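Trainee: Can we go through this one together? I would like to start with the aromatic side chains.

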Amino acid sequence: MMSHNTKNPSSDAEQLYSDILTCLKGMDIQHLIQCIKNADLVSISPAFRQLTEHERVLTFGILANNEPQLAANLLDHYSDAEVRALLTQLPKTTTQEIFTFLRSADRRMILRHFTQEEGEHLESAFPKVWIEEEKAALSYDIHSAGGICKNEILKLNSSATVSHITSILADDEQNYEHQEWRYVYLYNDNGSYLGAIKLKDIFSLPYNSHVKDYLDDSVPVASPELSLFSLKSILDTTPHSIIPVVDRRGFQIGVVGFKQLNEALYRESKTQLLEQSGVFGGDEFRTMPTVKRNIRRLTFLLPSVLLSYAAVSIIAQFESIIAQYALLAAILPLVANLSGAAGNQAVAVSIRELSLGSITPRGVLFVVLKELPIGIINGFIIGFILSILAFITHGSELLALPVLVSVAYMISSTFAVVIGGGLPLILKRMNLDPAMLSSPLLTTLTDAISFFSVLYLAKLFLL
């Protein structure tokens, strides 16, 4: 068992990293395994992240051939992208060893990004008890109940008795680490779902009685196509911790509960946060190849260059005004940055509502009407504050400047929140990724509106 001592995580991580390198150099397999098993839980992740790609492949190759369960558990310290990259570099038989001990959700994550040939090879490592369930789950979107469900369940024929279940629980082959033990699920001779009963309730039944006679009618059923938001609504209103996922044919492909739901929502929110920051393709770590990281970042930066240049080109149209009133050059980025911040608030709310299903892509008008008063009120308040600051700092140089700044910000801020609120919905309706495209498009539009507002008002009032 791994130690839980966390006295000095940084020092422990460095020591573990050093020990791993020593073991790899001397190919001391047993010492390597013991070092990892005895390591601090909090030191494992930073230690393993220091390993080079070659060292990582070598380490997991050794562990998979000797302690496949340990190797599978250690994969939790890496991102999905890193796990996929690692497994593609390991020999097929080695990958198969690890694959057997992964959770069903992790197996599906890997298979979705492997080639058909690689996937077929790994599918042969599916636990035979749940192979049909796992294959069925692969056909559903990762943002649906079927895509996130857990396949390791205790599913029995309608003829099952209490004594039958007792014998199953005593069977070592059923003692699977990831199996869901809280409920027993029954199916008929056609393979269709019949119902469920809590395992703890079974032991109060007569020993030779049939379980089908005592099924719990209060257990709701989720369709595999169900969205995460709809799934949350069901889980919020049922006393059952997990619910079965049953397709249109009546085949139960697994179960889903708050654990699976929260993991899916976390992955979704993390991806959205990364994309809003301009990082695409999932998690990025500095242990990744430099070329790969460069390409992923350029995916965001190159389009941003064109969009930003388009916004800045507006300034060139008012070059004569800026030449006469150089102070305007300091005002432009101020109004643009503050307007962009207001617009990004609206973007964040819309993307969050879309991910939860509380609003549809057709609700653009509703969003605009809700954002409009916020833009006007906040624009007036912030604009008033800016006018006071402008008067204090530059009022003596240019008396009209405070009013100009105030009005320009109120206009650009109002447009920013309206655009920021509606843009993600429009992109979603066009089947484009709102998290990826909203931020650069909003920046371009708010910059353009801000620059135009300031310079056009300056042209009206100062010339």
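Mentor: A definition before that: rings of Phe, Tyr and Trp, with the six-membered ring used for Trp, pair if their centres lie within 6.5 Å. Planes under 30 degrees apart count as stacked, over 60 as edge-to-face and the rest as tilted. Keep in mind that this is a predicted model.

Trainee: How many aromatic pairs does the structure hold?

Mentor: There are five aromatic pairs. One of them joins Phe48 and Phe60, with ring centres 6.0 Å apart and planes at 75 degrees, so the pair is edge-to-face.

Trainee: Which helices do Phe48 and Phe60 lie in?

Mentor: Phe48 is in helix α3 and Phe60 in helix α4, so this pair ties together parts that are twelve residues apart in sequence. Both Phe48 and Phe60 are buried.

Trainee: And the pair of Phe318 and Phe452, what is its geometry?

Mentor: The ring centres of Phe318 and Phe452 are 6.1 Å apart and the planes are at 70 degrees, so that pair is edge-to-face. Phe318 sits in the loop between α16 (290-316) and α17 (319-324), and Phe452 in helix α21, so the pair ties together parts that are 134 residues apart in sequence.

Trainee: Is Phe452 buried or partly exposed?

Mentor: Phe452 has 41% relative accessibility and counts as partly exposed. Phe318 is buried, with a relative accessible area of 9%.

Trainee: Which rings form a cluster?

Mentor: Phe48, Phe60 and Tyr78 are linked into a cluster by ring pairs.

Trainee: Staying with α21, where does Ser450 stand, buried or exposed?

Mentor: Ser450 lies in helix α21 (residues 434-462). Its relative accessibility is 0%, so Ser450 counts as buried. Leaving out residues up to four places away in sequence, Ser450 touches Val335, Ala336, Ser339 and Ser412. The C-alpha atoms of Ser450 and Gly340 are 9.1 Å apart, while the two residues are 110 apart in sequence.

Trainee: What about Ser144, which residues does it touch?

Mentor: Ser144 is in the loop between α10 (131-137) and α11 (145-148). Its contacts, not counting residues up to four places away in sequence, are Pro224, Glu225, Leu226 and Leu228. Ser144 counts as buried because its relative accessibility is 5% and the cut-off is under 20%.

Trainee: Last topic, strands. In which sense do β2 and β3 pair?

Mentor: Strand β2 (residues 180-187) and strand β3 (residues 193-198) pair in the antiparallel sense, over five bridges. Val184 stands opposite Ile197 in β3.

Trainee: And what phi does Gly191 take in that hairpin?

Mentor: Gly191 takes a positive phi near 85 degrees, and the hairpin of β2 and β3 has five residues between the strands.

Definitions and conventions
Residues numbered from 1 in each chain as written. Predicted model: local features only at pLDDT ≥ 70, side-chain atom pairs only at ≥ 80, totals over all residues. Heavy atoms only, no water. Pairing = 2+ DSSP bridges. Helix = DSSP H or I, 4+ residues; strand = E, 2+ residues; numbered from the N terminus. Buried < 20%, exposed > 50% of the residue type's maximum accessible area, 1.4 Å probe, protein only. Contact = heavy atoms within 4.5 Å.
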